[in-house]
Amino acid sequence: MRGYEEIHVDERLRELAGQLHGPARLKADLLTEARHALEDAVEAYREGGLPVAEAERRAVAEFGTPAQLAPGYQAELAAGALRGLALRALAVAAVLMVGGDLTWRGASWSDGPRPPEGYLLLSASVNGIWAVIAGLALAGLLLGLLAARYATPGLPRLARAVGFGLTGGLAAGAAAGAALFGWSVHLWDAALTWPPMIIGAVLVSAAWFALARAARYWLLSARGPRVAG
């Protein structure tokens with residue numbers, strides 16, 4: 001195995017990248033910033049009269065090992081992933097809470113028999129779940145921003161707890177929403193041909209795809225850096 005002093009800029013960045021996981025774009029941005037910092041350090045040593053190889057060796061040595069650097073970079077990835085998840089969850093929650101009732105207005109079955117009590121309870125529960133999700137998303141957005149700016153140990157732990165709560169809330173919202181949709185179709189066959197319902201189903205499906213992707217990125221980033229074998 002080669003000594004630490006023989007590791008160069010590209011190799012150090014590849015090693016660091018191998019220990020990080022999270023949103024690809026944010027990870028690429030962080031590694032680009034790291035590359036710029038290393039290149040600036042190399043240039044400073046070269047201006048001081050050192051040859052390229054020695055300047056690069058010293059810059060890499062000062063930069064630190066992946067084991068030293070990965071936790072900080074991974075924390076930034078987790079904070080960014082939580083912000084992304086919170087923003088998407090907040091937007092979807094707002095749209096669903098405001099637009100959910102609009103889906104039913106003017107429907108041919110709106111003046112029909114009163115739905116079962118269980119259905120009404122489930123409907124109210126869905127609204128309640130999304131209200132909780134909106135609150136958690138606001139908290140996650142705030143904590144994600146604070147954790148990215150301040151190195152307070154308690155903030156990442158609190159952000160992690162909120163992130164898990166938000167992810168759990170989204171899972172509960174997906175299950176309750178799917179159950180409500182299925183029950184609606186069972187009660188009213190015309191629901192499947194009602195244009196607002198069709199449009200709403202398509203939009204909600206797209207929203208859930210984006211939410212699932214953001215939740216996956218956050219869960220990956222919350223695991224912490226990979227440990228080199």
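The text below moves from model confidence to overall architecture, then to one helix and the salt bridges.

The model is predicted, so that local features need pLDDT of at least 70 and side-chain atom pairs count only at pLDDT 80 or more, while totals for chains, interfaces and linings use all residues. Residues are numbered from 1 along each chain as its sequence is written, and side-chain values use heavy atoms, with hydrogens and water left out.

**Confidence**

The predictor's confidence in each residue is expressed as pLDDT, on a scale from 0 to 100. The protein chain has a mean pLDDT of 83, with 89% of its residues at 70 or more. Among the elements of the chain, the highest mean pLDDT, 91, belongs to helix 2 (residues 24-47), and the lowest, 85, to helix 7 (residues 195-222). Over residues 1-6 pLDDT stays under 50, and for this stretch the model has 9 contacts beyond four places in sequence, a contact being heavy atoms within 4.5 Å.

**Architecture**

Helices (DSSP runs of H or I, at least four residues) and strands (runs of E, at least two) are numbered from the N terminus. By that assignment the protein chain has 7 helices and 0 strands, giving the pattern α-α-α-α-α-α-α along the sequence. Of the contacts between residues at least 6 apart in sequence, 80% join residues at least 24 apart.

Burial is judged by relative accessible area, where buried means under 20%, exposed over 50%, and partly exposed in between (1.4 Å probe, protein chains only). Buried residues account for 35% of the 229 residues in the chain. The accessible surface, about 12900 Å², belongs for 63% to carbon and sulfur atoms, as calculated by the Shrake-Rupley method with a 1.4 Å probe.

**Helix 2**

The expected span of a helix is 1.5 Å times one less than its number of residues. For the 24 residues of helix 2 this should be 34 Å, which agrees with the 34 Å between its end C-alpha atoms. Its buried residues are Lys27, Leu30, Leu31, Ala34, Leu38, Val42 and Tyr45. After helix 2 comes glycine 49, whose phi is positive, near 105°.

**Salt bridges**

Side chains of opposite charge can pair when their charged atoms come close. A salt bridge is counted here when a side-chain nitrogen of Lys or Arg lies within 4 Å of a carboxyl oxygen of Asp or Glu, and the count comes to 5.

| Aspartate 10 | Arginine 35 | 2.8 Å |

Aspartate 10 is partly exposed at 39% relative accessibility, as is arginine 35 at 31%. Asp10, Arg35 and Glu39 are linked in a network of salt bridges.

Glutamate 15 and arginine 12 are 3 residues apart in helix 1, a separation of about one helical turn; glutamate 15 is partly exposed at 32%, whereas arginine 12 is buried at 2%. Glutamate 54 and arginine 58 are 4 residues apart in helix 3 (residues 52-63), again about one turn, and count as partly exposed at 22% and 34% respectively. An α-helix has 3.6 residues a turn, so residues three or four places apart point the same way.
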